[in-house]
Amino acid sequence: MGIQATLRALADPTRREILNLLKHGKRSAGEITQAFSITAAAISRHLSVLKEADLIRDQREGKYIFYELNTSVLEEIMLWFSELKGGEEDE
């Protein structure tokens with residue numbers, strides 16, 4: 001997925017908070033939903049956007065789906081930001 005989808009996903013504060021939850025390890029959709037005061041359907045949509053941007057991965061274990069960070073995409077974004085910052089210093 002491209003950087004545009006990644007930045008769009010990161011633009012929403014709820015999605016950023018979901019990423020913060022997942023930095024502590026994988027969580028089920030139910031556990032993620034419990035951390036917010038919005039509907040399960042809204043959380044499901046946020047999770048879909050994060051998945052489309054390849055920021056998270058999901059894995060089915062029995063009847064549950066667990067989500068975890070995809071750190072490789074986050075590392076790519078950090079590298080891109082770092083390169084942007086480096087470019088400003090050269091001018």
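The protein chain of this predicted model has five helices and three strands. Read from the N terminus, the elements follow the order α-α-β-α-α-β-β-α. The C-alpha atoms fill a box of roughly 55 × 25 × 20 Å along the principal axes. The chain holds 91 residues, and 30% of them are buried. Contacts were also sorted by distance along the sequence. Among contacts with a separation of 6 or more, 51% link residues 24 or more positions apart.

The strands were examined next. Three strands make an open sheet, ordered β1-β3-β2, with antiparallel pairing. Strands β1 (27-28) and β2 (56-61) stand at the edges. Each has a single partner strand, so one side of each is left without a neighbour in the sheet. Strands of a sheet pair through backbone hydrogen bonds, in either a parallel or an antiparallel manner.

Each pairing can be followed residue by residue. Strand β1 is joined to β3 (residues 64-69) by two bridges, and the two strands run antiparallel. In this pairing, S28 stands opposite F66 of β3. The bridge partner of R27 in β3 is Y67. Six bridges join β2 to β3, again in antiparallel fashion. Here R57 stands opposite E68 of β3. Strands β2 and β3 form a hairpin, with two residues between the strands. Within this hairpin, G62 takes a positive phi near 65°.

Leaving aside neighbours within four places in sequence, T14 is in contact with F36, I38 and H46. The C-alpha atoms of T14 and I43 are 8.6 Å apart in space, while the two residues are 29 residues apart in sequence.

R15 is also placed in helix α2. What does R15 touch, not counting residues up to four places away in sequence? The contacts are R8, A9, H46, V49 and L50. R15 is buried, yet R15 has no salt bridge. The nearest side chain of opposite charge belongs to D12, 4.3 Å away. A salt bridge needs a side-chain nitrogen of Lys or Arg within 4 Å of a carboxyl oxygen of Asp or Glu.

Helix α1 (residues 3-10) was examined for burial. Residues A5, T6 and A9 of this helix are buried. Seen down the axis of α1, the buried residues fall within an arc of 100°, so they line one face of the helix. A9 is also one of the residues that R15 touches.

Technical notes. Residues are numbered from 1 along each chain as its sequence is written. This is a predicted model: local features need pLDDT of at least 70, side-chain atom pairs count only at pLDDT 80 or more; totals for chains, interfaces and linings use all residues. Side-chain values use heavy atoms; hydrogens and water are left out. Two strands pair if DSSP finds at least two bridges between them. Helices (H or I, at least four residues) and strands (E, at least two) are DSSP runs, numbered from the N terminus. Buried means under 20% relative accessible area, exposed over 50%, partly exposed in between (1.4 Å probe, protein chains only). Lys and Arg count as positive and Asp and Glu as negative; His and the chain ends are not counted. Contact means heavy atoms within 4.5 Å. The arc is that of the directions from the helix axis to the C-beta atoms.
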